[in-house]
Amino acid sequence: MEDEKRLDLDEPVQRLLPELPFPNVTLRHLLSHTSGLVWDYAYFDRFLAADEVRTTEKLLTIIAREKPPLRFPPGTRYEYNSFGATTVTGTARAAKVSFD
């Protein structure tokens, strides 16, 4: 994706996901688990019904609306983050990138 110049790992993710309220988070941060984003899917439980499917779009909408603080400044610490992978999926979709 980066080789094809469709995604720049060091450009803010907000370029493709303007609803993401963190202007300093890059795709590289998301992929390397150094973004500082909410890391636990349990964070979303209070905003969704127990039987509601958690889609990338729903989770990003919650992040955009609630604007939780980053756990640490992007790039300063490693912390495994499965929500970061969800955000990468949203970014790839916004860039119209296929994983085929």
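Student: What makes the secondary structure of the chain come to three helices and zero strands?
Tutor: Helices are DSSP runs of H or I with at least four residues, and strands are runs of E with at least two, numbered from the N terminus. By that rule the chain has three helices and zero strands, in the order α-α-α from the N terminus on. This is a predicted model, where local features need pLDDT of at least 70, side-chain atom pairs count only at pLDDT 80 or more, and totals for chains, interfaces and linings use all residues. Residues are numbered from 1 along each chain as its sequence is written, and side-chain values use heavy atoms, with hydrogens and water left out.

Student: Which residues of α2 are called buried, and why?
Tutor: Buried means under 20% relative accessible area, exposed over 50%, and partly exposed in between, with a 1.4 Å probe and protein chains only. T56, L59, L60, I62, I63 and A64 in α2 are therefore called buried because they fall under 20%. Their cover includes α3. Of the 100 residues of the chain, 40% count as buried.

Student: What makes a set of residues a nonpolar core?
Tutor: The members are buried Ala, Val, Leu, Ile, Met, Phe, Trp, Tyr and Cys residues joined through side-chain atoms within 4.5 Å. The largest such core here has 21 residues, and V13, L20, L27, L30, F44, I63 and F83 touch the most other members. α2 gives the most to this core, with four residues.

Student: What does L20 touch, not counting residues up to four places away in sequence?
Tutor: Contact means heavy atoms within 4.5 Å. On that count L20 touches V13, Q14, L60, I63 and T87.
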